[in-house]
Amino acid sequence: MDPGVSLSQTEQVATSSEAMEQIGATLAAEATPGLVLLLTGELGAGKTTLARGFVRALGYAGEVRSPTFNLVFLYDTQPPVCHADLYRLNRAAEVEDIGLADYLSTHALLVEWPERAPDFWPEDAWRIGILSEPDGTRKVTINRPQPEES
């Protein structure tokens, strides 16, 4: 991490799919081209559900589903959104092959399974971890870079 950047961390608990979508919608309020959200969590944790709330909050009315098999879905929203799922990648270099670099400055980018290409993401990417709790709730930890005050 750049020495001039620190992380601001917040935690939220989602008790339902609707609550997870609401967390995504709240994040969408800060969407700009170039925003990168790295979504981590086990299978079924709610990464796509959070992404659905994000995309819908930006005005997309169609279906928002996991891009696991397509790898990338693009949404014509304002700003435009690129939703990628890297679960099926075998090599980190495949991120370049699917063209994600093309969207880093023009779209808000939501990435599921970003750990498949750990060195690809910009320093100012937000890191969002989703942890499934034994009671069925999800703990969502949001780490967003903040410029250090001089």
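Helix H1 (17-28) passes helix H2 in a right-handed crossing, a crossing being right-handed if the near helix is turned clockwise from the far one by less than a right angle, and left-handed if anticlockwise. Helices here are DSSP runs (H or I, at least four residues), as strands are (E, at least two), numbered from the N terminus. The model is a predicted one, in which local features need pLDDT of at least 70 and side-chain atom pairs count only at pLDDT 80 or more, while totals for chains, interfaces and linings use all residues. Residues are numbered from 1 along each chain as its sequence is written, and side-chain values use heavy atoms, with hydrogens and water left out.

The two helices, H1 and H2, pack at an angle of about 50°, with their axes 6 Å apart; axes are lines fitted to C-alpha atoms, for helices over the stretch in contact, and angles run from 0 to 180 degrees between N-to-C directions. That angle makes H1 oblique to H2, because angles under 35 degrees count as roughly parallel, over 145 as roughly antiparallel, 65 to 115 as roughly perpendicular and the rest as oblique. On the H1 side the contact (heavy atoms within 4.5 Å) includes Met20, Ile23 and Leu27, and on the H2 side Leu50, Phe54 and Arg56 are among its residues.

H1 and H2 (47-57) also each supply at least two residues of the lining of the largest pocket, and H2 gives the most, with 3 residues.

Two features of the backbone lie in loops. Leu71, in the loop between H2 and strand S3, has a phi near 75°, a positive value in a residue other than glycine. In the loop between S3 (72-75) and strand S4 (81-85) stands Pro79, which a cis peptide bond, with omega about -5°, joins to Gln78.
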